[in-house]
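Here are my notes, jotted down while going through the coordinates. Have a look at the model first, then see whether you read it the way I do.

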Amino acid sequence: RFTMLPKIKAPIYDVEIPSKKKMVKVRPFEVKEERILLMARQGGEAADFFSAMSQITQNCVLDESVDILKLPLFDVEYLFAKIRAVSVSDISKVQYQDQEDGKTYSFDIDLNKLEVKFPDDVSPKFKVNQDISFTLKYPPMSIYTTKEFFDLDEEGMFNKLLAVCLDKVFAGDVVHDAAEYKPEEIVEFIDQLPAKFYVEIRKFFTNLPSLYNELTYTNANGKEQKIVQRTVEDFFTF
């Protein structure tokens, strides 16, 4: 007589979504999630990796109100790293080759100390004149899961980000929600802005919040070195 194999009850943990300062409950990765990640890494495409990370994180977040694809990249990377910490180990081992002495150095990173760094001098609010202003939002995870985005040149990426990330336009007492407008209408609005805003908007996109950790060491030549880790792939060897 055959019986059902036992169900394994996973432990539950609390993790904060950095941009929202909201705690959510998560479970550890299972073998099926590791398989998804392995397949994505074998493919070698950035979009495949981001898509796999999104799917895995969505699987492990137990709050049904959280849509991972709508969260910014740094939120998803942070959640992914924290979930992987409780799934495998809270200590991540990484190696870097020093560009000066050619030697390889090993580091143990305590993922409990992992944080997201928010830039101090970058604001999502832009004032055009006395009557008109607008706000931008962080790029959603969904944009990084499409191969079409990574096939664009730098200017194409910039325009795509603008089309997705323009949030609100304020004209006197009227508030325009960018979600109600077509991408070409958004680009038309941006194109008519004074030239200085091109630089300011680019500054916003090039200084987005990110994971942050510093590694310091002294190499074989006696020189102090610093490595700054900013993406989830800096913390793990997949």
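Which elements do the buried residues of α5 pack against?

1. Keep in mind that this is a predicted model. To take the opening question: the buried residues of α5 pack against β7, α4 (147–151), β8, α6 (183–191) and α7 (196–206). The residues in question are G156, F158, L161, L162, A163 and C165. The helix geometry checks out too: α5 covers residues 154–165, and at 1.5 Å a residue its 12 residues should span 16 Å, which agrees with end C-alpha atoms that are 16 Å apart.

2. Now the strands. β7 (residues 132–136) pairs with β8 (residues 166–171) in the antiparallel sense, over 5 bridges, and T135 sits opposite K168 of β8. On to β9 (residues 174–177): β8 pairs with it over 4 bridges, again antiparallel, with H176 as the bridge partner of V169. The β8–β9 hairpin leaves 2 residues between the strands, and G172 there takes a positive phi near 65°.

3. K82 deserves a look if you're assigning charges. This lysine is in helix α3 (residues 73–87). K82 is buried but has no salt bridge, and the nearest side chain of opposite charge, D110, is 7.1 Å away. What does the side chain of K82 reach at 2.8 Å? The backbone oxygen of L111. Beyond its neighbours within four places in sequence, K82 is in contact with V15, L111, N112, K113 and L114.

4. The whole structure has 14 salt bridges. One of them joins D14 and K25, with the closest N and O atoms 3.0 Å apart. D14 lies in strand β1 (residues 13–17) and K25 in strand β2 (residues 22–26), so the pair ties together parts 11 residues apart in sequence. D14 counts as partly exposed because its relative accessibility is 48%, and K25 is likewise partly exposed at 46%.

5. Another salt bridge is K93 with D108, where the closest N and O atoms are 3.1 Å apart. This pair links strand β3 (residues 91–97) to strand β4 (residues 104–110), 15 residues apart. Both ends count as exposed: K93 at 59% relative accessibility, D108 at 53%.

6. For D121 and K203, the closest N and O atoms are 3.8 Å apart in their salt bridge. The pair connects the loop between β5 (115–117) and β6 (125–127) with helix α7, 82 residues apart. D121 is exposed, with 57% relative accessible area, while K203 is partly exposed at 37%.

Technical notes:
Residues are numbered from 1 along each chain as its sequence is written. This is a predicted model: local features need pLDDT of at least 70, side-chain atom pairs count only at pLDDT 80 or more; totals for chains, interfaces and linings use all residues. Side-chain values use heavy atoms; hydrogens and water are left out. Two strands pair if DSSP finds at least two bridges between them. Buried means under 20% relative accessible area, exposed over 50%, partly exposed in between (1.4 Å probe, protein chains only). Lys and Arg count as positive and Asp and Glu as negative; His and the chain ends are not counted. A salt bridge is a side-chain nitrogen of Lys or Arg within 4 Å of a carboxyl oxygen of Asp or Glu. A polar contact is a pair of N or O atoms within 3.5 Å; within protein, one must be able to donate a hydrogen and the other to accept it, and residues adjacent in sequence count only if both atoms are side-chain atoms. Contact means heavy atoms within 4.5 Å. The expected span of a helix is 1.5 Å times one less than its number of residues.
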